[in-house]
Amino acid sequence: MRAPIGNFDQAVPAPDCLDELTAPVAAAVRAWSGSVPADQILYVETDPRWADTAVFVERYGSDLLERSANCVVVAGRRGGESTLAACVVLSTTRADVNGVVRRHLGVRKASFAPMDTATGETGMEYGGITPVGLPESWPVLVDAAVVDLPYVLVGSGLRRGKLLVPGKAFAELPGAVVLEGLGRPAA
């Protein structure tokens with residue numbers, strides 16, 4: 001099947017390639033119940049050697065620069081309590097962790113979670129974390145610009161592949177909250 005964005009050799013509906021996904025991502029695809037059918041979530045194989053954004057878009061298509069999203073894990077703290085959450089923002093922006101995220105979570109301090117925490121709590125590889133398959137108790141903060149796109153490239157849980165997800169599906173993920181201004185222009 002031809003990918004709706006980018007220049008990939010092959011795009012496969014995620015339900016048809018569950019063995020290529022991490023356990024939490026495969027479980028989320030199996031249990032998918034949103035208005036977007038699960039077979040519209042596509043998996044594309046990528047080479048981790050070309051993970052750097054500039055090299056990635058040169059290899060897989062310049063249109064991906066404006067149609068890719070990053071999923072970052074943040075930790076918020078208030079008193080002795082810690083809250084983990086995910087932020088999904090376009091790759092041309094940065095999550096406003098100290099403003100929008102901190103206020104939304106109602107915490108005194110918010111920062112990017114340590115790599116060991118992010119990978120250990122998600123069951124995904126660093127650099128491949130995706131909002132599909134995150135723990136259901138987590139808030140998943142999604143920038144409104146992500147939801148507005150027809151398709152968005154995001155991690156697959158592993159560094160060797162990506163998911164192509166209809167933008168509106170991000171608003172239907174467990175724990176999803178769509179926020180204006182979550183993604184700020186990169187400095």
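Predicted model: local features only at pLDDT ≥ 70, side-chain atom pairs only at ≥ 80, totals over all residues.
**Exercise 1. Classify the ring pair of Phe 8 and Tyr 60: is the pair stacked or edge-to-face?**

*Solution.* 
Step 1: Searching the whole structure gives three aromatic pairs.
Step 2: In the pair of Phe 8 and Tyr 60, the ring centres are 5.0 Å apart and the planes meet at 20 degrees. Planes under 30 degrees apart count as stacked, so this pair is stacked.
Step 3: Now find the two partners along the chain. Phe 8 belongs to the segment before β1 (11-13), while Tyr 60 sits in helix α2 (residues 53-60). The pair therefore ties together parts that are 52 residues apart in sequence.
Step 4: Look at the burial of each partner. Phe 8 is buried, with a relative accessible area of 7%, and Tyr 60 is buried too, at 5%.

**Exercise 2. Now take Trp 50 and Tyr 60: what kind of aromatic pair do they form?**

*Solution.* 
Step 1: Centre to centre, the rings of Trp 50 and Tyr 60 are 6.2 Å apart, with 70 degrees between the planes. An angle over 60 degrees counts as edge-to-face, so that is the name for this pair.
Step 2: Trp 50 lies in the loop between β2 (42-45) and α2, and Tyr 60 lies in helix α2, so the pair ties together parts that are ten residues apart in sequence.
Step 3: Trp 50 is partly exposed, with a relative accessible area of 24%.

**Exercise 3. Which residues form the aromatic cluster, and which residues lie over the faces of Trp 50 and Phe 56?**

*Solution.* 
Step 1: Phe 8, Trp 50, Phe 56 and Tyr 60 make up one aromatic cluster.
Step 2: Over the face of Trp 50 lies Arg 49, at 5.0 Å from the ring centre.
Step 3: Over the face of Phe 56 lies Lys 162, at 5.6 Å from the ring centre.

How values were computed:
Residues numbered from 1 in each chain as written. Heavy atoms only, no water. Phe/Tyr/Trp six-rings, centres within 6.5 Å; stacked < 30°, edge-to-face > 60°. Helix = DSSP H or I, 4+ residues; strand = E, 2+ residues; numbered from the N terminus. Buried < 20%, exposed > 50% of the residue type's maximum accessible area, 1.4 Å probe, protein only. Lys NZ or Arg CZ within 6 Å of the ring centre and 35° of its normal.
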